[in-house]
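This report looks at surface patches, helices and overall dimensions. Please keep the sequence and the model in view while reading.

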Amino acid sequence: MSRNAKIAAGGVAAGIILLIWLPWWAALLIVLGVPTAAYLTLDPSQRRRLRRVTRKEIGR
């Protein structure tokens, strides 16, 4: 299993646990808020590089 697949599987497992343990709106807030907060903490140059890399992988 690749590193990205392990991260994705962990994210899905954490999401399911949050949905069971918390109300749906709180779980949704966490699932959407954490990646958004992480993206906003990046420097502008890091954001550009991230967008460039994701565009290249989409076109693969």
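## A nonpolar surface patch

Leu19, Trp24, Trp25, Leu28, Val31 and Leu32 form a nonpolar patch on the surface, and together they have about 700 Å² of accessible area. Patches are made of residues with over 30% relative accessible area and no salt bridge, where nonpolar side chains (Val, Leu, Ile, Met, Phe, Trp, Tyr) are joined within 5 Å and like charges within 9 Å. A salt bridge is a side-chain nitrogen of Lys or Arg within 4 Å of a carboxyl oxygen of Asp or Glu, and accessible areas come from the Shrake-Rupley method with a 1.4 Å probe, with only the protein chains shown counting as cover for residues.

Helix α2 (residues 24-40) supplies the largest share of this nonpolar patch, 5 residues. Trp25 has its place in helix α2, and Trp25 is exposed because its relative accessible area is 53% (exposed means over 50%, buried under 20%, and partly exposed in between, with a 1.4 Å probe and protein chains only).

## Basis of the model

This is a predicted model, in which local features need pLDDT of at least 70 and side-chain atom pairs count only at pLDDT 80 or more, while totals for chains, interfaces and linings use all residues. Residues are numbered from 1 along each chain as its sequence is written, and side-chain values use heavy atoms, with hydrogens and water left out.

Arg48, Arg49, Arg51, Arg52 and Arg55 form a positive surface patch; Lys and Arg count as positive and Asp and Glu as negative, whereas His and the chain ends are not counted, and the place of a charge is taken as NZ of Lys, CZ of Arg, CG of Asp or CD of Glu.

Arg51 lies in helix α3 (residues 44-58) and is partly exposed, with a relative accessible area of 36%. Thr54 is also found in helix α3, and Thr54 counts as partly exposed because its relative accessibility is 37%. The C-alpha atoms of Thr54 and Ile16 are separated by 26 Å, the two residues being 38 apart along the chain.

## The chain as a whole

The protein chain has 3 helices and 0 strands, with helices (H or I, at least four residues) and strands (E, at least two) taken as DSSP runs numbered from the N terminus. Buried residues make up 7% of the 60 residues, and the chain exposes about 5,400 Å², of which carbon and sulfur atoms supply 68%.
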